[in-house]
Amino acid sequence: MSLNNRNISITGTTEFSELKVTEPSNYAAGIKAVKVALDHAFKEMGVAKSFKGLAKMNQKEGFDCPGCAWPDPEKPSKVAEYCENGAKALAEEATNEKVDRHFFAKYSIEEISQWTDYKIGKSGRVTEPMILRPGKIHYEPIEWNAAYLEIAKYLKNLDDPDQAIFYTSGRSSNEAAFLYGLFIRAFGTHNMPDCSNMCHESSGVALGETLGIGKGSVKLEDFDKAEVVLVMGQNPGTNHPRMLSALQKCKENGGKVISVNPLEEAGLIRFKNPQEVKGVLQGGEAIADIHLQVKINQDVAVIKYILKRLAALDKLTGDVFDHNFIERYTDGYASFLTQLEQFEEEALVAQSGVEVSKLNQVVDLLAKKDKIIICWAMGLTQHKNGVENIKECINLLLLKGSLGKEGAGTCPVRGHSNVQGDRTVGIVHHASPAFNEALKQEFGFEAPIKNGYDVVDGIQAMHKGKAKVFMALGGNFVSAASDTAYTAEALQKCDLTVSVSTKLNRNHTVAGKTSIILPTLGRSEFDEKEGKQRFFTVENSMGIVHRSKGLLKPASEHLKSEPEIIGGIADAYFEGNHPVDWKTYGENYEMIRASLENVLTEFKGIEEKSKGSGFYLENNVRNLDFSMLPNGKAQFSNNGLPEHDLAEDEFMLMTMRSHDQFNTTIYGMNDRYRGIYNERRIIFINQKDIEKFGFKSFEVVDLVSNYDGIERKAENFKLIPYNIPQGDLGAYFPETNILVPINHFADKSQTPISKSVVVKIVKK
Ligand SMILES: Nc1nc2c(c(=O)[nH]1)N[C@H]1C(S)=C(S)[C@@H](COP(=O)(O)OP(=O)(O)OC[C@H]3O[C@@H](n4cnc5c(=O)[nH]c(N)nc54)[C@H](O)[C@@H]3O)O[C@H]1N2
Ligand SMILES: Nc1nc2c(c(=O)[nH]1)N[C@H]1C(S)=C(S)[C@@H](COP(=O)(O)OP(=O)(O)OC[C@H]3O[C@@H](n4cnc5c(=O)[nH]c(N)nc54)[C@H](O)[C@@H]3O)O[C@H]1N2
Ligand SMILES: [Mo]
């Protein structure tokens with residue numbers, strides 16, 4: 001694509017490597033996982049650094065794993081508490097490869113953009129601030145202060161603060177995110193798109209409307225006591241491997257696990273815990289007792305059927321639903337039952353694609369139990385009806401009284417390691433009068449009262465020229481967001497794009513007229529000021545706030561921490577004319593925390609309480625306090641079934657993660673558990689569909705989506721016969737993001753429909 005006089009590829013090469021396919025694995029983890037973890041670590045970091053880093057990951061006096069947000073066990077672990085993919089996340093951050101001024105002098109962004117995401121990422125850590133001047137294709141070095149002044153110049157030149165957009169990816173600490181949000185509000189906007197908008201926003205909206213808090217309610221120990229855990233639309237063996245230990249414990253205590261997924265993911269079949277003898281020498285633990293192979297986006301049909309059967313049983317016995325709970329704590333039961341009656345059982349079963357006998361097994365199980373946990377992730381959130389998918393899960397929990405008690409509750413399994421914390425401390429595009437008032441009390445300035453852009457609105461604003469400066473605190477916006485071609489144009493139209501990054505990524509090539517990269521410390525790295533080590537805090541998926549302290553030697557002596565960078569930009573912008581002393585705040589995390597606890601009282605005592613295992617933030621669901629909701633009650637909801645009306649030759653595509661990637665960071669080319677090696681440009685398809693349409697296994701095809709008359713094409717994929725429902729397809733993102741239309745997203749949460757994209761397969 002040629003914009004700004006630069007010829008940039010938005011996908012990189014679409015050539016194939018050497019695909020090898022085997023049978024999918026029927027277990028996750030085991031000794032093989034330890035070997036693969038160490039192979040990655042040794043290759044990227046060398047042996048000594050690997051052992052030093054891995055020994056301190058997720059330990060009390062160590063650093064939080066830069067991978068997912070699954071919590072640490074309460075009891076300190078003697079052995080290292082990490083998983084294969086946590087080790088890869090660390091290896092990726094602590095790599096010895098460097099991207100410095102010589103690298104950028106050698107490679108233009110035009111050339112880098114031709115590479116695969118894998119190759120771009122493997123180039124390594126950015127070591128000094130770099131600037132790309134208008135019309136140029138090579139980044140050049142720039143001093144830190146000059147970079148701050150340049151950014152301030154662009155911000156001052158805007159006609160209106162709403163012409164700037166400030167993105168956050170969920171790896172930033174609470175301290176960095178709080179300071180960033182503070183600066184953005186002081187600057188005068190709520191344009192704070194966040195990776196959550198593409199991730200668990202549907203969960204936040206659904207949970208907020210039904211239970212009064214946008215977070216989950218379970219604690220880790222609830223898994224020990226749960227009688228049933230439903231794992232819906234989530235692949236824990238790859239994306240939250242440490243969750244498998246929690247499921248294993250649940251099973252050992254007699255609990256049952258049900259998986260609801262179009263694929264039978266390895267981690268849900270069997271788990272070989274590498275930290276236990278039986279996991280290493282014997283077969284490990286079987287995990288899912290029942291697997292419901294739902295068709296893509298038919299989860300509401302599954303739950304509706306189950307609820308209909310349970311309601312019929314309850315009519316007979318009166319003790320299947322928790323009527324005391326319903327009476328005391330909920331609103332909308334009668335209306336919910338009336339709506340439920342309108343659905344036909346047979347139609348629900350047909351629509352779900354699941355065998356009725358399996359559904360009935362789940363009905364029998366749930367009828368007698370009330371300690372139920374529902375876990376979910378992107379398989380539920382990234383659809384047009386993402387919010388309703390989750391509300392239907394809440395209906396089940398409300399009927400069974402499975403909230404506010406041991407072994408029961410909601411468990412949206414978060415993605416990035418501090419995505420939940422970033423939200424808690426103020427990275428939100430909605431204006432909050434209470435938060436604004438608290439900021440005024442603490443800092444003496446008025447924050448804007450207007451809502452800002454989320455990811456989708458932000459991209460459209462840039463595309464229309466309404467926003468001209470884009471800054472990202474972490475992430476890889478162009479590859480993560482939907483509609484790659486449109487998003488790339490939007491970014492390239494900006495006068496200035498700024499990325500605060502650890503590693504090189506595609507977003508640096510899809511640059512605005514001017515582009516700046518500010519290299520920052522990773523969380524595994526030693527962070528000090530005048531000889532004193534600094535720590536920061538994070539919040540995990542279950543609302544525990546705790547410290548994280550890096551220990552590895554930073555990738556370069558020129559790196560700055562995220563708060564220092566935000567403080568530097570704010571200081572250059574305000575030039576001392578603001579009640580906040582930005583530079584001092586940026587350097588002094590204790591001061592940030594002292595202000596944080598004044599603004600958000602649930603953080604009171606954070607300086608001390610964040611030690612060791614940390615402390616739980618408030619959670620109204622745990623105390624069954626629904627006073628913030630209509631009538632002071634938790635809310636039932638009436639949800640419909642999604643309508644897709646696919647033509648004969650159309651498929652439903654889910655875009656998901658391989659076992660060797662962290663979002664847009666590609667660790668390697670394998671998807672070991674699914675039996676795919678050495679290739680990412682593949683499509684999982686049912687064998688019957690291959691035959692029905694006269695394709696051949698491994699045939700090379702293109703994928704085309706057509707929304708509102710606009711055709712989008714992703715080229716060169718190999719068809720892989722796989723155990724997936726007929727009519728459904730699976731493929732990896734970011735390669736397939738080019739197919740996801742910008743203007744199709746979940747109602748209310750605006751999360752792109754990355755898990756239900758209607759596509760056709762086009763022969764070459
Ligand atoms: N190693 C590693 N860890 C990660 C990440 C990573 O990329 N790599 N990413 C992190 C982030 S940001 C996030 S948000 C999480 C993501 O964690 P997941 O949500 O587990 O990630 P996905 O690969 O998108 O997997 C979605 C799962 O949902 C299933 N699915 C798809 N559509 C449907 C549907 O309609 N219904 C149902 N029931 N299931 C469906 C897919 O088959 C797949 O198993 O992981 C976090 N942890
Ligand atoms: N089609 C499709 N699209 C999706 C999804 C999907 O399932 N399908 N999933 C969506 C989801 S759930 C999410 S969360 C988004 C993810 O969207 P993002 O968060 O924007 O993407 P990441 O790939 O996680 O970002 C990786 C980059 O972050 C930088 N980085 C890493 N660590 C740090 C750090 O500590 N500090 C700073 N400043 N930078 C750092 C590195 O430069 C790295 O290249 O993608 C979304 N996009
Ligand atoms: Mo995510």
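Residues are numbered from 1 along each chain as its sequence is written, while chains are lettered from A and ligands numbered from 1 in the order in which they are written. Because the model is predicted, local features need pLDDT of at least 70 and side-chain atom pairs count only at pLDDT 80 or more, whereas totals for chains, interfaces and linings use all residues; side-chain values use heavy atoms, with hydrogens and water left out.

A polar backbone atom of Gln661 is 2.6 Å from a nitrogen atom of ligand 1, and a backbone N or O atom of Asn239 lies 2.9 Å from a nitrogen atom of the ligand. On its own, ligand 1 has 920 Å² of accessible area, of which the protein covers 99% (Shrake-Rupley method, 1.4 Å probe).

Ala89 and Gln661 are 572 residues apart in sequence, yet 8.8 Å apart in space, C-alpha to C-alpha. Ala89 sits in helix α3 (residues 84–93), helices being DSSP runs of H or I with at least four residues and strands runs of E with at least two. With a relative accessible area of 2%, Ala89 is buried, a term for values under 20% with a 1.4 Å probe and protein chains only.

Around ligand 2 there are 30 residues, and Tyr167, Ser169, Ala480, Glu562 and Thr664 come nearest. This shell divides into nine nonpolar, 16 polar and five charged residues. Oxygen atoms of ligand 2 lie 3.2 Å from a polar side-chain atom of Gln382, and 3.0 Å from one of Lys755. The protein buries 96% of the 930 Å² that ligand 2 exposes when taken alone.

Finally, six strands form a closed barrel, β27-β34-β31-β33-β32-β35, with mixed pairing; strands pair if DSSP finds at least two bridges between them. Strands β27 (residues 650–656) and β34 (residues 728–732) pair in the parallel sense over five bridges, and Met656 stands opposite Tyr732 in β34.

Methods: A residue is near a molecule or strand if one of its heavy atoms lies within 4 Å of it. A polar contact is a pair of N or O atoms within 3.5 Å; within protein, one must be able to donate a hydrogen and the other to accept it, and residues adjacent in sequence count only if both atoms are side-chain atoms. Ala, Val, Leu, Ile, Met, Phe, Trp, Tyr, Cys and Pro count as nonpolar, Asp, Glu, Lys and Arg as charged, and the others, Gly among them, as polar. Buried means under 20% relative accessible area, exposed over 50%, partly exposed in between (1.4 Å probe, protein chains only).
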